[in-house]
Amino acid sequence: MTAITIRRALLSVSDKTGLVELGQALAARGVDLVSTGGTATALRQAGLTVRDVADVTGFPEMMDGRVKTLHPAVHGGLLAVRDDTAHAQAMTEHGIGAIDLVVVNLYPFEQTVARGAPRDEVIENIDIGGPSMVRSAAKNHRYVTILTDPADYAPFLAELEAEDGATLQPFRQRMAAKAFAATAAYDAAISQWFAFADQGERFPAQLTTSARLHSTLRYGENPHQHAALYVPQRVGTPGLPQAEQVQGKELSYNNYNDANAALELAAEFAGGAPAVVIVKHANPCGVAQRSTLSEAWHAALECDSVSAFGGIVATNVPLDGPTAEAICEIFTEVVVAPGADDAARAAFARKKNLRLLITQGLPDPRRPGLTQTVITGGLLFQTRDNGAIAQADLKVVTERHPTEDELRDCLFAWTVARHVKSNAIVYAKDGATAGIGAGQMNRRDSSRIAAMKAAEAAEKYGWREARTVGSAVASDAFFPFADGLLAAAEAGATAVIQPGGSIRDEEVIAAADAHGLAMVFTGMRHFRH
């Protein structure tokens, strides 16, 4: 392993975290410091001797700093193969000195975009010289050490201490790999800004994305699979990766997937009455809104208490003690909420394996963006399903019009149904799900499964009748035949909400009229696969 002693360093950073301490450590080892602009100023203010890069190139910084390091005297010192005779001769002939260490981080392009800067300022924060030096140094890591992250200053100094002022090849390789990842991420951010913000493209001809590792997970969907969590370079909407984990075991792949489904559905009720969402295998198995969170929990649990065992719970308001105590009565994997009072935290603390996540508010369910699915040989992208309907958008298609209570239950059921895997059928009554049928290959079976779960709940809790009696039923897509609707009528539903659009709509409407059902069309489908 070749040891390269650090004799000359070029430093040019936007993020000056740890810069002075690094410069002091290098100077203490007699390293020649070369720098530019604000970096040189910061080092000199700390009492360090620094050479301007202009002294190396023989040219002053010009054009408002746009041109300063793009010079053979810099890049020759970075790219030279030092044990190549011709390269060494060229360095001697042109007075090019070797540069052993490059410390560079790039103009704050993403931060500039994030604060809404005007276009000219955004363009000005596209770094040119920095990435060029990073790539040159990283390519020639056989001889040059590249540092692009202040977090690596301490490991670098430890390497120098261990190797008597030198770095070894394995360290330089790791830093080179990190450097190329940094420039790739930087270019991805720029290309995305040009494509989406500047050019207004929906699906650019070349889509380049970047994400950073948040954590490796114990395993994937199954124990034989490997898994990790990544977050985008720029997080537009905070979610589970940004949440505070108050307690509990490390989250698994399935925990993240299910908890995200619960959080997205809970967000539909932001600003409304207290709501509880219970999810199992990424499907809701109970949802309710009530005047108190504790009441909402019990109403949600009653929908399907069997499936709720080992499930995920999300709320739209901060957790309180009574609700936490009630949740702890059954085995729960994860609880997600925008807050929790001291009594709630104390209750959960008695369940050491339960994961409690406190989010930074709730995501906007109508936010824009793209979703991605990996297929063999390709990637499927689509815009997020952020479409929404209001009561004014509903079209009554039956002889009987729904009552105000039925309309409220229709909209509640519709809100839940869009988060249920297709084919999805959701019965709701008085602001709570009465039965949920998910993921069946035909709509009739989803209707029957949802009704069966409601009947089981009635038997368990000793109700006189299932909550599907007098309920509203939502279907995520149109009823292609009347059989699915008839199954809902058999379960006791009195109102139906569905997209409409089937070639047999008239047949389905006639069946609804024959059974005295009120039915409204939304004109919007919500398949979920």
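Is Asp-164 buried or exposed? Asp-164 is exposed, at a relative accessible area of 68%, where exposed stands for over 50%, buried for under 20% and partly exposed for values in between (1.4 Å probe, protein chains only). The model is a predicted one, in which local features need pLDDT of at least 70 and side-chain atom pairs count only at pLDDT 80 or more, while totals for chains, interfaces and linings use all residues. Residues are numbered from 1 along each chain as its sequence is written, and side-chain values use heavy atoms, with hydrogens and water left out.

The protein contains 19 helices and 23 strands, assigned as DSSP runs numbered from the N terminus (helices: H or I, at least four residues; strands: E, at least two). Along the principal axes, the C-alpha atoms fill a box of roughly 95 × 50 × 40 Å. Buried residues make up 48% of the 529. With contact defined as heavy atoms within 4.5 Å, 56% of the contacts between residues at least 6 apart in sequence join residues at least 24 apart.

Two non-glycine residues with positive phi were examined. Asp-164, with phi near 55 degrees, is placed in the loop between helix H9 (153–162) and strand S7 (166–167). Ala-282 has a phi of about 65 degrees and belongs to the loop between strands S11 (275–280) and S12 (283–289). Whereas Asp-164 is exposed, Ala-282 is buried, with a relative accessible area of 9%. A cis peptide bond, with omega about -10 degrees, links Ser-422 to Asn-423. Asn-423 is part of the loop between H16 and strand S19 (425–429).

Helix H16 spans residues 404–417 and includes Glu-406. Glu-406 counts as buried at 11% relative accessibility. Apart from neighbours within four places in sequence, Glu-406 is in contact with Arg-400, His-401, Ala-472, Thr-494, Ala-495 and Ala-518. The C-alpha atoms of Glu-406 and Val-496 are 8.8 Å apart, at a sequence separation of 90 residues.

Residues in two strands were also considered. Thr-332 belongs to strand S14 (residues 332–337) and is buried, at 4% relative accessible area. Beyond residues up to four places away in sequence, Thr-332 touches Gly-311, Val-313, Ile-327 and Leu-354. Gln-372, in strand S16 (residues 370–375), is partly exposed, with a relative accessible area of 46%. Contacts of Gln-372 outside four places in sequence are made with Leu-379, Leu-380 and Phe-381. Gln-372 and Thr-383 are separated by 11 residues in sequence and by 9.0 Å between C-alpha atoms.

Zero disulfides were found in a search of the whole structure, a disulfide being a pair of cysteine sulfur atoms within 2.5 Å. For Cys-303, the closest cysteine sulfur is that of Cys-285, 7.3 Å away and therefore too far for a bond. The closest cysteine sulfur to that of Cys-328 is also in Cys-285, at 17 Å, again too far for a bond. Cys-303 is buried at 2% relative accessible area, and Cys-328 is buried at 11%.
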